[in-house]
Amino acid sequence: MENNCPDCNESMRWEQGSYHCDPCDKVFIKQGYCQTCDAQLEKLQACGATNYFCNQCNELKSRSSATIVFEAKKTVSQ
């Protein structure tokens, strides 16, 4: 599965736990949201399978039933 930048649609590269878009010079994180209640999902990975858990609905959600979005990673200013 190719991970394209939500801003410029170019392919992003995986580096240090996040996705980097070189043309935009932005960093993104991949988040899953529940299609039922719009709450952020907790990612569960085991034996090569990826599923999600919704703490609000208290239900296990499949990858196909999650809304996956790329969000710009927030930086901490010093």
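# Loops, strands and a sheet in a predicted model

Me: Where is the place of Q16?

Reply: Q16 sits in the loop between β1 (13–15) and β2 (18–21). Please keep in mind that this is a predicted model.

Me: What is the phi of Q16?

Reply: Phi of Q16 is positive, at about 50 degrees, although Q16 is not a glycine.

Me: And does Q16 count as buried or exposed?

Reply: Q16 counts as exposed, because its relative accessibility is 73% and exposed means over 50%.

Me: Switching to C47: in which loop does it lie?

Reply: C47 belongs to the loop between β4 and β5. Its phi is near 55 degrees, which is again a positive value in a residue other than glycine.

Me: Is C47 buried or exposed?

Reply: C47 has 88% relative accessibility, so it counts as exposed.

Me: How do β4 and β5 pair?

Reply: β4 and β5 (residues 49–54) pair in the antiparallel sense, over five bridges. Within this pairing, L44 has N51 in β5 as its bridge partner.

Me: What holds strands of a sheet together as pairs, in general?

Reply: Strands of a sheet pair through backbone hydrogen bonds, and the pairing is either parallel or antiparallel.

Me: Which strands form the open sheet here, and in what order?

Reply: The open sheet is formed by three strands in the order β4-β5-β6, with antiparallel pairing. Its edge strands are β4 (42–46) and β6 (59–62), each of which pairs on one side only. From one strand to the next, the twist averages 35 degrees.

Me: Stepping back, what does the secondary structure of the whole chain come to?

Reply: The protein chain has seven strands and zero helices. From the N terminus on, its elements therefore read β-β-β-β-β-β-β.

Me: What does the C-alpha trace span?

Reply: Along its principal axes, the C-alpha trace spans about 40 × 30 × 20 Å.

Me: How much of the chain is buried?

Reply: Of the 78 residues in the protein chain, 26% are buried. The accessible surface comes to about 5,800 Å², and carbon and sulfur atoms account for 44% of that surface.

Me: Of the contacts between residues at least 6 apart in sequence, what share joins residues at least 24 apart?

Reply: In the protein chain, that share is 31%.

Conventions: Residues are numbered from 1 along each chain as its sequence is written. This is a predicted model: local features need pLDDT of at least 70, side-chain atom pairs count only at pLDDT 80 or more; totals for chains, interfaces and linings use all residues. Side-chain values use heavy atoms; hydrogens and water are left out. Helices (H or I, at least four residues) and strands (E, at least two) are DSSP runs, numbered from the N terminus. Buried means under 20% relative accessible area, exposed over 50%, partly exposed in between (1.4 Å probe, protein chains only). Contact means heavy atoms within 4.5 Å. Accessible areas come from the Shrake-Rupley method with a 1.4 Å probe; for residues, only the protein chains shown count as cover. Two strands pair if DSSP finds at least two bridges between them. Axes are lines fitted to C-alpha atoms, for helices over the stretch in contact, and angles run from 0 to 180 degrees between N-to-C directions.
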